[in-house]
Amino acid sequence: MNTNDQDMRLQDEAERAEREGLAAGRDPRVDRYRLIMRALRQPLEPRLPADFDVHVAGLALRRDGDGIEDLLVSLLLLAMGVGALLFVGPSLAKMMQAMVSIKLPALPWHQVVMAAICIGVVWAIDQGWMRTHRDSRHS
Amino acid sequence: MSDDQELVTEVLARTPGAFERLIARHKALVWHVVYRMVKHPEDARELSQDVFLRVHQRLHQYRFESSLATWIGRVAFSVASRHLQKKKLPLAESASDEEGDVLDDVGDGFDLEAACADRETVDHLNAAIEALPPLQRTLVTLYHLDEMGIAEIGTITGLPDGTVKNYLFRARQRLRQRLETRLGAIA
(Lines give C-alpha, C1' and ligand atoms only; values in the text may rest on other atoms or scores of the structure.)
Protein backbone atom coordinates (compact mmCIF):
# COMPACT_ATOMS: atom_id res chain seq x y z
CA MET A 1 0.00 0.00 0.00
CA ASN A 2 1.55 3.36 -1.00
CA THR A 3 1.61 6.46 1.20
CA ASN A 4 -1.41 8.04 -0.46
CA ASP A 5 -3.57 4.93 -0.14
CA GLN A 6 -2.52 4.63 3.47
CA ASP A 7 -3.29 8.29 4.11
CA MET A 8 -6.66 7.96 2.40
CA ARG A 9 -7.51 5.08 4.74
CA LEU A 10 -6.35 7.07 7.79
CA GLN A 11 -8.47 10.05 6.76
CA ASP A 12 -11.54 7.84 6.25
CA GLU A 13 -11.02 6.22 9.64
CA ALA A 14 -10.57 9.60 11.32
CA GLU A 15 -13.76 10.90 9.74
CA ARG A 16 -15.71 7.85 10.84
CA ALA A 17 -14.27 8.00 14.37
CA GLU A 18 -15.26 11.67 14.67
CA ARG A 19 -18.75 11.03 13.31
CA GLU A 20 -19.34 8.11 15.67
CA GLY A 21 -17.56 9.74 18.62
CA LEU A 22 -15.18 6.79 19.09
CA ALA A 23 -12.54 6.87 21.83
CA ALA A 24 -9.11 8.13 20.81
CA GLY A 25 -5.76 6.42 21.42
CA ARG A 26 -5.93 3.43 19.10
CA ASP A 27 -3.84 4.86 16.27
CA PRO A 28 -1.94 8.16 16.72
CA ARG A 29 -1.93 8.76 12.95
CA VAL A 30 -5.74 8.60 12.90
CA ASP A 31 -5.86 10.84 15.98
CA ARG A 32 -3.75 13.48 14.22
CA TYR A 33 -6.27 13.57 11.40
CA ARG A 34 -9.06 13.79 13.97
CA LEU A 35 -7.38 16.86 15.46
CA ILE A 36 -7.20 18.43 11.97
CA MET A 37 -10.88 17.70 11.36
CA ARG A 38 -11.81 19.29 14.67
CA ALA A 39 -9.80 22.39 13.79
CA LEU A 40 -11.60 22.57 10.44
CA ARG A 41 -14.98 22.48 12.18
CA GLN A 42 -14.23 25.55 14.30
CA PRO A 43 -16.28 28.66 13.40
CA LEU A 44 -14.38 31.26 11.39
CA GLU A 45 -12.99 34.38 12.97
CA PRO A 46 -13.62 37.21 12.11
CA ARG A 47 -17.37 37.13 11.48
CA LEU A 48 -19.80 39.33 9.62
CA PRO A 49 -21.09 42.32 11.62
CA ALA A 50 -24.23 41.70 13.67
CA ASP A 51 -26.31 44.19 11.66
CA PHE A 52 -25.28 42.70 8.30
CA ASP A 53 -28.75 41.25 7.50
CA VAL A 54 -30.61 44.50 8.20
CA HIS A 55 -28.03 46.63 6.40
CA VAL A 56 -27.91 44.55 3.21
CA ALA A 57 -31.69 43.98 3.09
CA GLY A 58 -32.10 47.78 3.36
CA LEU A 59 -29.63 48.33 0.52
CA ALA A 60 -31.46 45.83 -1.68
CA LEU A 61 -34.80 47.55 -1.01
CA ARG A 62 -33.30 50.95 -1.81
CA ARG A 63 -32.00 49.54 -5.10
CA ASP A 64 -35.52 48.34 -5.88
CA GLY A 65 -36.74 51.86 -5.19
CA ASP A 66 -34.03 53.27 -7.44
CA GLY A 67 -35.21 50.99 -10.23
CA ILE A 68 -38.76 52.33 -10.03
CA GLU A 69 -37.42 55.88 -9.81
CA ASP A 70 -35.30 55.31 -12.94
CA LEU A 71 -38.31 53.95 -14.78
CA LEU A 72 -40.46 56.96 -13.81
CA VAL A 73 -37.72 59.38 -14.87
CA SER A 74 -37.37 57.58 -18.22
CA LEU A 75 -41.15 57.75 -18.78
CA LEU A 76 -41.16 61.45 -17.91
CA LEU A 77 -38.30 62.15 -20.33
CA LEU A 78 -40.07 60.18 -23.05
CA ALA A 79 -43.30 62.13 -22.49
CA MET A 80 -41.37 65.40 -22.59
CA GLY A 81 -39.65 64.32 -25.81
CA VAL A 82 -42.96 63.40 -27.50
CA GLY A 83 -44.51 66.68 -26.28
CA ALA A 84 -41.60 68.72 -27.59
CA LEU A 85 -41.74 66.92 -30.92
CA LEU A 86 -45.46 67.67 -31.25
CA PHE A 87 -44.88 71.29 -30.26
CA VAL A 88 -41.91 72.07 -32.49
CA GLY A 89 -42.73 69.48 -35.15
CA PRO A 90 -44.23 71.83 -37.76
CA SER A 91 -41.48 74.44 -37.46
CA LEU A 92 -38.85 71.65 -37.49
CA ALA A 93 -40.27 70.35 -40.77
CA LYS A 94 -40.05 73.82 -42.29
CA MET A 95 -36.46 74.17 -41.10
CA MET A 96 -35.53 70.81 -42.60
CA GLN A 97 -36.99 71.81 -45.93
CA ALA A 98 -34.98 75.02 -45.85
CA MET A 99 -31.81 73.07 -45.03
CA VAL A 100 -32.33 70.66 -47.90
CA SER A 101 -32.58 73.58 -50.29
CA ILE A 102 -29.16 74.87 -49.14
CA LYS A 103 -26.37 73.59 -51.33
CA LEU A 104 -23.66 71.92 -49.29
CA PRO A 105 -20.08 73.04 -49.91
CA ALA A 106 -17.86 70.72 -51.92
CA LEU A 107 -16.04 69.13 -48.99
CA PRO A 108 -14.00 65.91 -49.22
CA TRP A 109 -16.87 64.01 -47.52
CA HIS A 110 -15.13 60.62 -47.36
CA GLN A 111 -12.30 62.26 -45.35
CA VAL A 112 -14.78 63.94 -43.04
CA VAL A 113 -16.50 60.59 -42.45
CA MET A 114 -13.12 58.87 -41.77
CA ALA A 115 -12.16 61.62 -39.31
CA ALA A 116 -15.51 61.21 -37.51
CA ILE A 117 -14.97 57.42 -37.27
CA CYS A 118 -11.43 57.98 -35.87
CA ILE A 119 -12.76 60.39 -33.23
CA GLY A 120 -15.46 57.89 -32.34
CA VAL A 121 -12.96 55.02 -31.97
CA VAL A 122 -10.59 57.11 -29.82
CA TRP A 123 -13.51 58.18 -27.64
CA ALA A 124 -14.68 54.55 -27.22
CA ILE A 125 -11.16 53.38 -26.30
CA ASP A 126 -10.86 56.22 -23.82
CA GLN A 127 -14.21 55.31 -22.24
CA GLY A 128 -13.18 51.65 -22.00
CA TRP A 129 -9.86 52.58 -20.42
CA MET A 130 -11.58 54.86 -17.90
CA ARG A 131 -14.01 52.11 -16.92
CA THR A 132 -11.22 49.55 -16.48
CA HIS A 133 -9.18 52.04 -14.48
CA ARG A 134 -12.18 52.86 -12.28
CA ASP A 135 -12.97 49.12 -11.72
CA SER A 136 -9.39 48.34 -10.78
CA ARG A 137 -9.38 51.20 -8.29
CA HIS A 138 -12.61 49.95 -6.70
CA SER A 139 -11.52 46.32 -6.55
CA MET B 1 -44.12 23.82 -0.40
CA SER B 2 -40.52 23.49 0.84
CA ASP B 3 -38.87 26.07 3.08
CA ASP B 4 -36.74 27.29 0.17
CA GLN B 5 -39.73 27.70 -2.13
CA GLU B 6 -41.72 29.51 0.52
CA LEU B 7 -38.91 31.92 1.28
CA VAL B 8 -38.11 32.58 -2.40
CA THR B 9 -41.80 33.23 -3.15
CA GLU B 10 -41.98 35.69 -0.26
CA VAL B 11 -38.82 37.51 -1.35
CA LEU B 12 -40.04 37.77 -4.94
CA ALA B 13 -43.40 39.07 -3.66
CA ARG B 14 -41.43 41.73 -1.72
CA THR B 15 -42.87 40.53 1.60
CA PRO B 16 -41.42 42.75 4.35
CA GLY B 17 -38.61 41.02 6.24
CA ALA B 18 -38.36 38.09 3.80
CA PHE B 19 -35.03 39.06 2.26
CA GLU B 20 -33.61 39.76 5.69
CA ARG B 21 -34.58 36.21 6.71
CA LEU B 22 -32.92 34.83 3.59
CA ILE B 23 -29.71 36.66 4.47
CA ALA B 24 -29.83 35.49 8.08
CA ARG B 25 -30.26 31.90 6.92
CA HIS B 26 -27.43 31.89 4.38
CA LYS B 27 -24.93 34.50 5.54
CA ALA B 28 -22.70 31.97 7.30
CA LEU B 29 -22.27 29.97 4.10
CA VAL B 30 -21.58 33.09 2.03
CA TRP B 31 -19.06 34.32 4.59
CA HIS B 32 -17.31 30.94 4.68
CA VAL B 33 -16.95 30.84 0.90
CA VAL B 34 -15.95 34.47 0.43
CA TYR B 35 -13.67 34.84 3.44
CA ARG B 36 -11.92 31.54 2.76
CA MET B 37 -11.35 32.56 -0.85
CA VAL B 38 -10.17 36.16 -0.40
CA LYS B 39 -8.85 36.03 3.20
CA HIS B 40 -8.96 39.81 3.54
CA PRO B 41 -11.77 40.64 6.06
CA GLU B 42 -12.77 44.03 4.62
CA ASP B 43 -12.82 42.82 1.02
CA ALA B 44 -14.73 39.74 2.17
CA ARG B 45 -17.37 41.88 3.90
CA GLU B 46 -17.89 44.01 0.79
CA LEU B 47 -18.01 40.98 -1.46
CA SER B 48 -20.51 39.22 0.83
CA GLN B 49 -22.72 42.27 0.48
CA ASP B 50 -22.33 42.12 -3.32
CA VAL B 51 -23.28 38.45 -3.24
CA PHE B 52 -26.59 39.14 -1.51
CA LEU B 53 -27.38 42.12 -3.74
CA ARG B 54 -26.78 39.88 -6.73
CA VAL B 55 -28.95 37.15 -5.18
CA HIS B 56 -31.71 39.72 -4.69
CA GLN B 57 -31.41 40.89 -8.27
CA ARG B 58 -31.35 37.43 -9.81
CA LEU B 59 -33.56 35.39 -7.52
CA HIS B 60 -36.23 35.16 -10.22
CA GLN B 61 -33.72 33.08 -12.23
CA TYR B 62 -33.48 30.41 -9.50
CA ARG B 63 -35.20 27.28 -10.82
CA PHE B 64 -35.11 25.05 -7.69
CA GLU B 65 -32.81 22.59 -9.48
CA SER B 66 -30.50 22.60 -6.46
CA SER B 67 -31.05 23.73 -2.87
CA LEU B 68 -31.18 27.48 -2.32
CA ALA B 69 -28.00 27.18 -0.22
CA THR B 70 -26.14 25.58 -3.13
CA TRP B 71 -27.40 28.23 -5.56
CA ILE B 72 -26.35 31.05 -3.23
CA GLY B 73 -23.02 29.31 -2.55
CA ARG B 74 -22.44 29.26 -6.29
CA VAL B 75 -23.08 32.98 -6.57
CA ALA B 76 -20.66 33.55 -3.67
CA PHE B 77 -17.99 31.36 -5.26
CA SER B 78 -18.33 33.13 -8.58
CA VAL B 79 -18.09 36.62 -7.00
CA ALA B 80 -15.03 35.61 -4.95
CA SER B 81 -13.32 33.87 -7.92
CA ARG B 82 -13.80 36.96 -10.08
CA HIS B 83 -12.26 39.09 -7.32
CA LEU B 84 -9.19 36.83 -7.21
CA GLN B 85 -8.92 36.91 -11.01
CA LYS B 86 -9.04 40.72 -11.00
CA LYS B 87 -6.26 40.76 -8.42
CA LYS B 88 -4.39 38.16 -10.47
CA LEU B 89 -4.23 35.82 -7.48
CA PRO B 90 -4.15 32.07 -8.14
CA LEU B 91 -7.19 30.07 -7.05
CA ALA B 92 -5.34 26.81 -6.67
CA GLU B 93 -1.76 25.75 -7.06
CA SER B 94 -0.34 23.47 -9.70
CA ALA B 95 0.38 19.87 -8.75
CA SER B 96 4.13 20.56 -8.98
CA ASP B 97 3.83 23.17 -6.20
CA GLU B 98 2.43 20.63 -3.78
CA GLU B 99 4.71 19.35 -1.13
CA GLY B 100 6.02 15.81 -1.04
CA ASP B 101 5.14 12.98 1.27
CA VAL B 102 4.62 13.69 4.90
CA LEU B 103 6.89 12.64 7.71
CA ASP B 104 5.73 9.16 8.43
CA ASP B 105 6.90 8.70 11.96
CA VAL B 106 6.86 11.35 14.59
CA GLY B 107 6.53 8.95 17.43
CA ASP B 108 3.48 7.17 18.80
CA GLY B 109 2.84 9.43 21.74
CA PHE B 110 -0.07 11.57 20.68
CA ASP B 111 -2.86 12.58 23.03
CA LEU B 112 -5.80 13.90 20.99
CA GLU B 113 -7.61 15.59 23.86
CA ALA B 114 -4.41 17.21 25.18
CA ALA B 115 -3.57 18.46 21.66
CA CYS B 116 -7.10 19.91 21.30
CA ALA B 117 -6.63 21.79 24.55
CA ASP B 118 -3.16 23.04 23.62
CA ARG B 119 -3.64 26.63 22.41
CA GLU B 120 -0.35 26.73 20.54
CA THR B 121 -1.04 23.55 18.58
CA VAL B 122 -4.51 24.80 17.68
CA ASP B 123 -3.12 28.20 16.61
CA HIS B 124 -0.46 26.43 14.56
CA LEU B 125 -3.13 24.38 12.80
CA ASN B 126 -5.27 27.45 12.15
CA ALA B 127 -2.27 29.18 10.60
CA ALA B 128 -1.68 26.10 8.45
CA ILE B 129 -5.33 26.20 7.30
CA GLU B 130 -4.94 29.90 6.44
CA ALA B 131 -1.81 29.06 4.44
CA LEU B 132 -3.64 26.60 2.15
CA PRO B 133 -4.42 27.85 -1.38
CA PRO B 134 -7.83 29.61 -1.63
CA LEU B 135 -9.65 26.76 -3.34
CA GLN B 136 -8.46 24.11 -0.88
CA ARG B 137 -9.27 26.38 2.08
CA THR B 138 -12.78 26.83 0.76
CA LEU B 139 -13.34 23.16 0.02
CA VAL B 140 -12.26 21.91 3.45
CA THR B 141 -14.45 24.57 5.09
CA LEU B 142 -17.51 23.66 3.04
CA TYR B 143 -16.97 19.99 3.76
CA HIS B 144 -16.09 20.06 7.45
CA LEU B 145 -17.69 23.25 8.79
CA ASP B 146 -20.77 23.55 6.57
CA GLU B 147 -21.08 19.76 6.36
CA MET B 148 -21.85 19.86 2.64
CA GLY B 149 -21.61 16.75 0.49
CA ILE B 150 -19.10 16.27 -2.31
CA ALA B 151 -21.79 16.68 -4.99
CA GLU B 152 -23.05 19.96 -3.49
CA ILE B 153 -19.51 21.30 -3.26
CA GLY B 154 -18.99 20.26 -6.87
CA THR B 155 -22.09 22.23 -7.89
CA ILE B 156 -20.91 25.31 -6.00
CA THR B 157 -17.39 25.27 -7.41
CA GLY B 158 -18.11 23.74 -10.81
CA LEU B 159 -15.53 21.00 -10.15
CA PRO B 160 -16.05 17.28 -10.83
CA ASP B 161 -16.61 15.14 -7.71
CA GLY B 162 -13.27 13.35 -8.14
CA THR B 163 -11.40 16.67 -8.20
CA VAL B 164 -13.17 17.86 -5.05
CA LYS B 165 -12.25 14.61 -3.27
CA ASN B 166 -8.65 14.90 -4.42
CA TYR B 167 -8.33 18.51 -3.23
CA LEU B 168 -9.82 17.58 0.14
CA PHE B 169 -7.43 14.69 0.52
CA ARG B 170 -4.39 16.79 -0.41
CA ALA B 171 -5.42 19.62 1.90
CA ARG B 172 -5.79 17.32 4.92
CA GLN B 173 -2.55 15.57 4.06
CA ARG B 174 -0.75 18.89 3.95
CA LEU B 175 -2.25 19.91 7.28
CA ARG B 176 -1.07 16.65 8.81
CA GLN B 177 2.39 17.40 7.51
CA ARG B 178 2.34 20.84 9.14
CA LEU B 179 1.06 19.33 12.37
CA GLU B 180 3.75 16.68 12.37
CA THR B 181 6.44 19.26 11.69
CA ARG B 182 5.30 21.04 14.85
CA LEU B 183 5.01 17.84 16.86
CA GLY B 184 8.48 16.85 15.64
CA ALA B 185 9.79 20.25 16.73
CA ILE B 186 8.40 20.02 20.24
CA ALA B 187 9.23 16.32 20.76
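**Contacts between chains A and B**

Between chain B and chain A, 4 salt bridges are counted. A salt bridge is a side-chain nitrogen of Lys or Arg within 4 Å of a carboxyl oxygen of Asp or Glu. The model is predicted, so local features need pLDDT of at least 70 and side-chain atom pairs count only at pLDDT 80 or more, while totals for chains, interfaces and linings use all residues. Residues are numbered from 1 along each chain as its sequence is written, chains are lettered from A and ligands numbered from 1 in the order in which they are written, and side-chain values use heavy atoms, with hydrogens and water left out.

Over all chains, the structure holds 18 salt bridges. B:Arg176 pairs with A:Asp7 in a salt bridge, with the closest N and O atoms 3.4 Å apart. B:Arg176 belongs to helix H9 of chain B and A:Asp7 to helix H1 (residues 3–20) of chain A, so the pair joins two chains. Helices (H or I, at least four residues) are DSSP runs, numbered from the N terminus. A:Arg38 forms a salt bridge with B:Glu113, and here the closest N and O atoms are 3.3 Å apart.

The contact (heavy atoms within 4.5 Å) draws 47 residues from chain B and 42 residues from chain A. About 4300 Å² is buried between the two chains, 66% of it on carbon and sulfur atoms. Buried area is the accessible area (1.4 Å probe) that two parts lose on being put together, summed over both. B:Leu112, B:Phe169 and B:Arg176 supply 15% of the area that chain B buries against chain A, more than any other three residues.

The axes of helix H2 (residues 28–40) of chain A and H6(B) come within 10 Å and cross at roughly 70°. Axes are lines fitted to C-alpha atoms, for helices over the stretch in contact, and angles run from 0 to 180 degrees between N-to-C directions. H2(A) is therefore roughly perpendicular to H6(B), a term that covers 65 to 115 degrees. A:Leu35, A:Ile36, A:Ala39 and A:Leu40 of H2(A) meet B:Thr121, B:Leu125, B:Asn126 and B:Ile129 of H6(B).

Two backbone features lie in loops. The peptide bond from A:Glu45 to A:Pro46 is cis, with omega near 0°. A:Pro46 sits in the loop between H2 and helix H3 (52–101) of chain A. In chain B, B:Phe64 has phi near 60°, a positive value in a residue other than glycine. The loop between H3 and helix H4 (68–86) of chain B holds B:Phe64.

Key. Parallel < 35°, antiparallel > 145°, perpendicular 65-115°, else oblique.
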